[in-house]
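Please look through the following points with the sequence and the model side by side.

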Amino acid sequence: MYHILVVDDEPNIRQLIQKYASFEGHKVTQAADGAEALEICRQCGFDLVILDVMMPELDGFATLERLRRSSPRTPVLMLSARGEEYDRIRGFELGVDDYVVKPFSPKELMLRVSAILRRAGDHEDLREVYTLEGVTADFTGRRVLVDGVPAEMSPKEYDLFFYLVKNRGIALSRDKILSDVWGYDFYGDQRTLDTHIKLLRRSLGPYSGHVVTLRGVGYRFEE
């Protein structure tokens, strides 16, 4: 499941894209304008941004320029009702991964989305940093920053935290976490997991609430 941000001032366009993206199994967050999109991006990382060009106040190009300062490697697909070569060239110069002209076929759009995500998957460094509020998980560098300060975690805490983040929004049973993080042949006490969760929450400090306990089930990393 990938997390996609759809930025468009037309609600029907946002709903249409969300409908088809959901069919593909993706999670979708919507923003009605560039300013809202930038604020959301400051709070959460995305696997792909679908960004409309023609928006009031802050258009897609201005939004993209600001987005690139904080998220230089997030893939972006631009939408536009205009098909001028100048717009396409400007978009590509700003680092757009693809460009789709309105009106578009939702199926074709999703094929382009899949192609972008597939290319990003072939270069994992494009998706190796995740930020939520004051917490940054640097998968490539194997470190966690809390309000800009490196957190001191044990190797297993890192493994556990990265696993929860990569499966964010998903209810994970204790058995699944133990199997995936500790190994399928782990025969220890489930309290081992609970202890590491406690240590992890301590390391996350004011952001510990994002690690949610699901009574009788397990845990979930909540955005």
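How many cavities of 30 Å³ or more does the structure hold? The points below begin with the answer.

1. This is a predicted model, in which local features need pLDDT of at least 70 and side-chain atom pairs count only at pLDDT 80 or more, while totals for chains, interfaces and linings use all residues. Residues are numbered from 1 along each chain as its sequence is written, and side-chain values use heavy atoms, with hydrogens and water left out.

2. The structure holds one cavity of 30 Å³ or more, where a cavity is a set of points, on a 1 Å grid over the protein atoms alone, at which a 1.4 Å probe fits but cannot get out. About 40 Å³ of space lies in the largest cavity, a volume being the space filled by probe spheres set on the points.

3. The residues lining the largest cavity, that is, those with an atom within 4 Å of a point, are L132, V135, F161, L204, Y207, H210 and F221. By class this lining has six nonpolar residues, one polar residue and no charged residues, with Ala, Val, Leu, Ile, Met, Phe, Trp, Tyr, Cys and Pro counted as nonpolar, Asp, Glu, Lys and Arg as charged, and the others, Gly among them, as polar.

4. Six aromatic pairs are found in the structure; rings of Phe, Tyr and Trp (its six-membered ring) pair if their centres lie within 6.5 Å, and planes under 30 degrees apart count as stacked, over 60 as edge-to-face and the rest as tilted. One of them is the tilted pair of F161 and F162, with 6.4 Å centre to centre and 45° between the planes. F161 also forms an edge-to-face pair with F221, at 5.9 Å centre to centre and 75° between the planes. This pair links distant parts of the chain, since F161 lies in helix α6 (residues 155-166) and F221 in strand β12 (residues 218-221), 60 residues apart, with helices (H or I, at least four residues) and strands (E, at least two) taken as DSSP runs.

5. F161 is buried, with a relative accessible area of 1%, because buried means under 20% (1.4 Å probe, protein chains only). R174, in helix α7 (residues 174-182), also counts as buried, at 16% relative accessibility. Its side chain makes polar contacts, pairs of N or O atoms within 3.5 Å, one able to donate a hydrogen and the other to accept it, with the side chains of D194 (3.2 Å) and Y219 (3.4 Å).

How values were computed:
1 Å grid on protein atoms, 1.4 Å probe; cavity = no way out; pocket = protein on both sides within 12 Å on 5 of 7 lines; lining within 4 Å. Buried < 20%, exposed > 50% of the residue type's maximum accessible area, 1.4 Å probe, protein only.
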